[in-house]
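Hi,

Here is the structure I said I would pass on.

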Amino acid sequence: MAEELIFDIPVGAGVGTRANAGGTPVTPKDAATVILLRDGTQGVEVFLQHRVKGMPFAGGMTVFPGGGVDSRDVDASVSWAGPEPAWWAERFRCAESLARALVCAAVRETFEESGVLLASLGDSVVTDATRYHDAREKLVSRELSLAAFLEANGLTLRADLLRPWANWVTPPEEPRRYDTCFFVAVLPEGQQADGATSEAVASGWQRPEDALTDAKEGRRMLMPPTWITLAELGTFDTAATAQVSEREIVKIMPTLIRDGDKVRVVLDPA
């Protein structure tokens, strides 16, 4: 069992508590989030997006790219390189079919929301993903599946460009809940992350410590998983060392407790 941790986060930073509405908690939807990293002139930088305020989930929050698993993400026909689904299933402590879907969702959502494509053409990792952006909207609208997109372009999903980072579950009192597996990836050489998504009003690269300062001073809003992940990332000197760090993945469901002008975030195993 993981040790209980408590974080104090100012209420003004945008993290609050929701009154428990009672009733039976909704079943969390499986989801994948990708922490994109690069080395900046002053240290590690992370790609962040500021979500549209009207979004049903995390509206107005600053987040990493990601989203829910699509039923077609489990397609076993996907051309795949890197750790097999069984390896991911062991790390995330889930069924192999779900592990495959989570990795596929991570690659798909990263491309949809940031334009970064974690794939290769032949033996070479894609260095210019803009040539594939015509298919991006079709992936977003679900007119096109990830498997069909990769096959049509002779591409191979690169699971070896991802590493497992964490597993967070939305608290039971929330009306929308997600069981989200967090991945970390270093921006492939030659590729650019953009903000061309209808789900975000702005996006860009920032040092983790600067993003946390903005949150503490009320310039952005962060959910507990984002806040804590940024704090963890701030301890690494390079993107590569962050990516290869060994982590034990334990499913965590935060409890938010209002305490005066702060919110205590208690992390217990789910």
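What follows is a short tour of what I found.

First, the ground rules. This is a predicted model, so to speak of a local feature I need pLDDT of at least 70, and side-chain atom pairs count only at pLDDT 80 or more, while totals for chains, interfaces and linings use all residues. Residues are numbered from 1 along each chain as its sequence is written, and side-chain values use heavy atoms, with hydrogens and water left out.

**The overall picture**

The protein chain has seven helices and 14 strands. Both are DSSP runs numbered from the N terminus: helices are H or I with at least four residues, strands are E with at least two. Of the 270 residues, 48% are buried. Here buried means under 20% relative accessible area, exposed means over 50%, and partly exposed is in between, with a 1.4 Å probe and protein chains only.

Among contacts (heavy atoms within 4.5 Å) with a separation of 6 or more, 72% are between residues 24 or more positions apart.

Start with β2 (29–40). It pairs with β11 in the parallel sense over nine bridges; two strands count as paired if DSSP finds at least two bridges between them. Along that pairing, A31 has T180 as its bridge partner, and I35 has V184. β2 is also joined to β5 (residues 66–68) by three bridges, this time antiparallel, with T33 opposite G66.

β11 has another partner to look at: β10 pairs with β11 in the antiparallel sense over six bridges, and V169 stands opposite D179 there. Eight of the nine residues of β11 are buried.

Elsewhere there is an open sheet of four strands, in the order β6-β9-β7-β8, with mixed pairing. β6 (80–81) and β8 (124–125) are at its edges with a single partner strand each, so one side of each has no neighbour in the sheet. β7 (residues 119–121) and β8 run antiparallel and are joined by two bridges, with L121 partnered by S124.

**The cores**

A nonpolar core here is a set of buried Ala, Val, Leu, Ile, Met, Phe, Trp, Tyr and Cys residues joined through side-chain atoms within 4.5 Å. The largest one has 44 residues, and W88, L117, F149, L157, L162 and F183 touch the most other members. The elements giving two or more residues to this core include α1 (85–92), α4 (146–152) and β9 (155–158). Its largest share, nine residues, comes from α2.

Leaving aside neighbours within four places in sequence, L117 is in contact with F111, V126, A129, Y132, F149, L155, P188 and Q191. There is also a second, separate core of 25 residues, which includes L37, V44, L233 and A239.

**Helix α1**

Which residues of α1 are buried? They are P85, W88, A89 and F92. These sit on the same side of α1, because they cover an arc of only 105 degrees around the axis, taken from the directions from the helix axis to the C-beta atoms. Their cover includes β6, α2, β10 (163–169) and β11. Just after α1, R93 takes a positive phi of about 55 degrees.

Q243 lies in helix α7 (residues 239–244). With a relative accessible area of 15%, Q243 is buried. A polar atom of the Q243 side chain lies 2.9 Å from the backbone oxygen of L161. Sequence neighbours within four places aside, the contacts of Q243 are L161, L162, R163, V184, A185 and V186.

G195 is in the loop between β11 (178–186) and β12 (200–206). G195 is partly exposed, at 35% relative accessible area. Though G195 and H50 are 145 residues apart in sequence, their C-alpha atoms are 9.4 Å apart in space.

Conventions:
A polar contact is a pair of N or O atoms within 3.5 Å; within protein, one must be able to donate a hydrogen and the other to accept it, and residues adjacent in sequence count only if both atoms are side-chain atoms.
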